[in-house]
Amino acid sequence: MSNICVIGTGYVGLVTGACFADLGNTVICMDVDHDRIDKLNQGIMPIYEPGLKQLVDQNVRGGRISFTCDYCEALKNAEFAFVAVGTPSGVDGEADLQYVRSAAEVIADEVDHPIIVVNKSTVPVGTGDWVSDIITRRCNDKPFAFSVVSNPEFLREGSAINDFMCPDRVVLGSLDHDAASSVAQLYLSLRCPIIITDLRTAEMIKYASNAFLATRISFINEIANMCEEMGADVSEVALGMGYDHRIGHDFLDAGLGWGGSCFPKDVKALAHMAVLHGTHPQLLQAVMEINRNQRRRVVLRLRRALGSLNEKVIGVLGLSFKPNTDDIREAPALEVIHLLENEGAIVRAYDPQAMGAAARMMKRLDLCENPYEVARGADALVLATEWNEFKQLDFARLHELMRTPVLVDGRNQWDPDKLRSMGFTYFGVGRGLVNNHD
Ligand code: NAD
Ligand code: UGA
């Protein structure tokens with residue numbers, strides 16, 4: 001069993017720390033955010049992630065995980081320092097590496113024993129070498145043995161623990177094969193394929209994977225838009241395509257497009273890297289443009305159904321970028337709300353978990369206690385996030401409550417025939433001819 005320090009206790013750091021502790025290691029999670037660490041020390045989770053609190057609690061009780069803001073305490077006995085700090089978009093779409101830099105500097109300052117620095121943050125190709133240089137230059141006066149290993153993370157929010165514990169693969173990249181093998185030992189009990197490669201290849205695997213998944217979604221959204229003009233149903237098209245094992249069923253759900261803390265910033269960062277290195281990322285540009293347009297199409301639908309949206313009351317169901325998380329970073333719902341407000345619409349919304357985050361970010365947004373409050377007197381309802389509780393609503397009650405019964409099903413969750421027979425004007429995404437149902 002190993003001593004592990006995790007630097008950065010956000011979605012990735014906290015899940016990584018809790019899972020490694022659960023596998024029997026001794027883990028210290030550190031963060032510069034005092035409030036976050038205080039809360040964790042009181043048993044309060046900083047994020048909503050199914051199963052996380054239980055996992056953290058049981059490993060705190062077992063003495064395998066602890067939380068601190070003190071770098072010295074965190075790194076004192078660490079054999080592995082996992083870096084899981086944020087890498088947000090910079091002004092030109094590049095990954096902002098300031099937090100990675102400060103983590104590297106602190107490792108150089110605090111450590112004086114052999115250590116393996118494992119980078120879990122999503123970072124541009126070449127960052128592992130850059131981190132290695134920072135540490136080497138900074139610890140000149142007290143050289144210690146260290147290696148840098150890239151270990152990109154592939155977990156999804158909402159199913160993060162299962163994704164960590166049952167991964168499709170673990171990717172490790174390093175110039176030091178022994179260091180990569182030591183990190184591989186940490187994952188052996190998960191019994192999954194472990195790919196050991198060089199640093200830059202591992203870093204590229206992460207970006208290429210996210211960009212490919214985003215591309216699949218933009219592809220099916222483009223097909224959905226064609227379906228609306230040609231009278232086909234995109235859900236069945238995706239099903240029919242997915243049975244081909246070369247294609248597969250996953251990530252072919254048409255909707256309002258991809259959001260979240262990673263796809264948007266990672267596709268942008270990869271495109272930025274490409275330009276920087278003199279290649280033209282034309283596919284990635286199209287993938288991003290299709291995604292932007294998916295949100296605009298909601299406004300077009302509503303204009304078609306209601307005419308001017310000025311002073312119209314539009315209800316939005318779901319604010320998080322996907323179900324089972326309270327994360328609203330780059331959530332499609334927020335962009336739709338922004339576009340509607342620009343048209344003069346009065347927007348109100350409800351989300352099962354993301355109301356706190358939304359209230360902090362959008363001070364003027366009218367937040368309701370449940371879907372029926374959202375519907376009261378509304379001219380239209382937009383389903384933006386497919387939380388389970390929105391799948392089986394009392395549609396007769398909604399019909400009674402709404403001023404005009406217009407539904408925009410941005411995630412293709414509802415039954416169009418049933419709703420139309422109840423008197424709703426229903427719009428899905430790519431579900432047959434749109435003009436027939438105006
Ligand atoms: P996050 O914003 O939730 O957490 C980052 C944490 O790092 C914050 O709590 C912040 O206070 C802390 N931090 C910043 N600088 C620090 C420093 N110098 N020392 C200690 N702590 C510091 O971010 P996240 O969503 O966990 O993402 C982290 C990285 O993992 C990103 O590169 C992201 O692209 C990648 N990633 C995220 C996911 C995901 O689902 N969220 C999945 C795979 C990969
Ligand atoms: C994504 C990847 O799936 C993870 O492998 C990766 O580790 C992570 O990004 C990351 O690098 O942070 P995540 O953003 O948590 O995970 O969520 P996804 O399930 O991938 O969904 C992303 C977005 O795509 C959501 O807005 C979702 O609604 C949308 N989506 C997903 C679709 O519109 N259609 C689909 O078929 C699937």
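In the classes used here, Ala, Val, Leu, Ile, Met, Phe, Trp, Tyr, Cys and Pro are nonpolar, Asp, Glu, Lys and Arg are charged, and the others, Gly among them, are polar. The model is a predicted one. By these classes, the shell around ligand 1 consists of eleven nonpolar, eight polar and eight charged residues.

Of the 27 residues around ligand 1, those that come nearest are Asp31, Tyr71, Thr87, Ser102 and Lys265. Aspartate 31 also makes a polar approach: a polar atom of its side chain is 2.6 Å from an oxygen atom of ligand 1. With threonine 122 the backbone is involved, as one of its N or O atoms lies 2.9 Å from an oxygen atom of ligand 1. For arginine 329, an N or O atom in the side chain is 3.3 Å from an oxygen atom of the ligand. On its own, ligand 1 has 830 Å² of accessible area, of which the protein covers 90%. The elements giving two or more residues to the shell are α1 (11-22) and α5 (98-110).

The helix pair comes next. Helix α9 (residues 199-230) packs against helix α11 (residues 263-276) at an angle of about 115 degrees, and their axes are 9 Å apart. The crossing of α9 past α11 is left-handed. On the α9 side, the contact is made by Met204, Lys206, Tyr207, Asn210, Ala211, Leu213, Ala214 and Ile217, and α11 contributes Phe263, Asp266, Val267, Ala269, Leu270 and Met273. By class, the residues of this contact are eleven nonpolar, one polar and two charged.

Methods
Residues are numbered from 1 along each chain as its sequence is written. Chains are lettered from A and ligands numbered from 1 in the order in which they are written. This is a predicted model: local features need pLDDT of at least 70, side-chain atom pairs count only at pLDDT 80 or more; totals for chains, interfaces and linings use all residues. Side-chain values use heavy atoms; hydrogens and water are left out. Axes are lines fitted to C-alpha atoms, for helices over the stretch in contact, and angles run from 0 to 180 degrees between N-to-C directions. Helices (H or I, at least four residues) and strands (E, at least two) are DSSP runs, numbered from the N terminus. A crossing is left-handed if the near helix is turned anticlockwise from the far one by less than a right angle, and right-handed if clockwise. Contact means heavy atoms within 4.5 Å. A residue is near a molecule or strand if one of its heavy atoms lies within 4 Å of it. A polar contact is a pair of N or O atoms within 3.5 Å; within protein, one must be able to donate a hydrogen and the other to accept it, and residues adjacent in sequence count only if both atoms are side-chain atoms. Accessible areas come from the Shrake-Rupley method with a 1.4 Å probe; for residues, only the protein chains shown count as cover.
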